[in-house]
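Hi,

Have a look at it first, then read on.

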Amino acid sequence: IPIPKDWQNFLKNRENKINLFALLSESLPQSERDILLVTTKGSEVLTNMDADVKAITPCNHSEADSRIILHLAHGVAQGHQKAYIRTVDSDIVVIAVSVFLQLNLVELWVGQGTGRNYKNLPIHEISSQMGPVKSSTLPLFHAFSGCDSTSQMFGIGKKTAWVAWECYPEITDTFLLLMDNPSLLTIESVHMQQLERFTVLMYSKGCGITRVNDARMHLFTHGLRSLDDIPPTQAALYQHIKRALLQAAFIWQQSCCRLQDLPNPSEWGWVEDDKKQWKPFWTTLANASEACAVLLNCGCLKACVGNCKCAKAGLKCTTLCKCEGGCINNDT
């Protein structure tokens, strides 16, 4: 069947994708092959021949990333010692590194990327080079520095975050403890303090300040950084860490579990909007334009009208009254 010219628009429609994936899931197992072919349809698993799939169906995973690892673990349980995963998602590479040792595989390869960026990554070698502790904490580092479901700090990429990790190896113990017990995190805990220090190092390796709020003031008031290039506030960072923990310590940590036991997202940096959809809860602090209204000046030369800049931005006009006498109703 020829692919239509508007294929990308076709895939943007969620219902189209659901129907297409359901068709593929049902059709592929019907083909006659001499190998076991396993597909997923919703929470269920379909196969082209008789096979024991009780360990992988029904499954309540909401992400394909973790479900791929579940199927990998199922293959290992059937006696396979070498495996290959094909993906375009770096999240799967990270999860694969973190679970490699517990899967007891001899070799695990991940074909990642597309076109010229396609690579075959030897997960077994990467895991060996990183060591068991750092490998197991890689998911939290990845989620903290930005992944599909967590935001990336402005101007901070993976390489910058990795350099900060190498400069501050003490954060590995914090990652490890929080992966095992996310509830240890509180805004006053020592783990929060260490994560604040790690964040400061990502923005400035030469800054000796520990807390992000202090670092923000220092970097900005000394003319070292603009507002866009300083660390987030402690309140915003705390919510970000909670979202990273939900992703790494709960969702990815249970990749090999058929039925995941997940907490309410509202307790981990997310909030439900009017349409019952989850969106990030950024901070408990008031909006800067409201909290610091005294510092704002709209710059209007005369009384505001409907098309002025401050009116469009939803701000109160700060133009001073220039009436020489008492104001009357038609004065500006």
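A term to start with: a residue is buried when its relative accessible area is under 20%, exposed when it is over 50%, and partly exposed in between, using a 1.4 Å probe and protein chains only.

Before the rest, some ground rules. This is a predicted model, so local features need pLDDT of at least 70 and side-chain atom pairs count only at pLDDT 80 or more, while totals for chains, interfaces and linings use all residues. Residues are numbered from 1 along each chain as its sequence is written, and side-chain values use heavy atoms, with hydrogens and water left out.

Most residues other than glycine have a negative phi, and most peptide bonds are trans. N104, though not a glycine, has a positive phi of about 60 degrees, and it lies in the loop between α4 (90-103) and β4 (107-112). (Helices are DSSP runs of H or I with at least four residues, strands are runs of E with at least two, and both are numbered from the N terminus.) K276 also has a positive phi of about 60 degrees; it is in the loop between β6 (270-272) and β7 (278-280) and is exposed, at 62%. A cis peptide bond joins T57 and P58, with omega about -5 degrees.

α6 bends by about 40 degrees at L138, and P139 follows within four residues. The bend is the angle between axes fitted to the seven residues ending at a residue and the seven starting there. Residues buried in α6 include L138, P139 and F141.

The whole structure has 8 aromatic pairs. Rings of Phe, Tyr and Trp (its six-membered ring) pair if their centres lie within 6.5 Å; planes under 30 degrees apart are stacked, over 60 edge-to-face, and the rest tilted. F141 and W162 are edge-to-face, because their centres are 5.7 Å apart and their planes at 80 degrees. F141 is in α6 and W162 in α7, so this pair ties together parts 21 residues apart in sequence. W162 is partly exposed, at 29%. W162 also pairs edge-to-face with W165, at 5.2 Å and 75 degrees, and W165 is buried, at 1%.

Finally, K134 lies over the face of W162, 4.9 Å from the ring centre, and its charged end sits over the ring of W165, at 4.6 Å. That counts when NZ of Lys or CZ of Arg is within 6 Å of the ring centre and within 35 degrees of the ring normal.

Cheers
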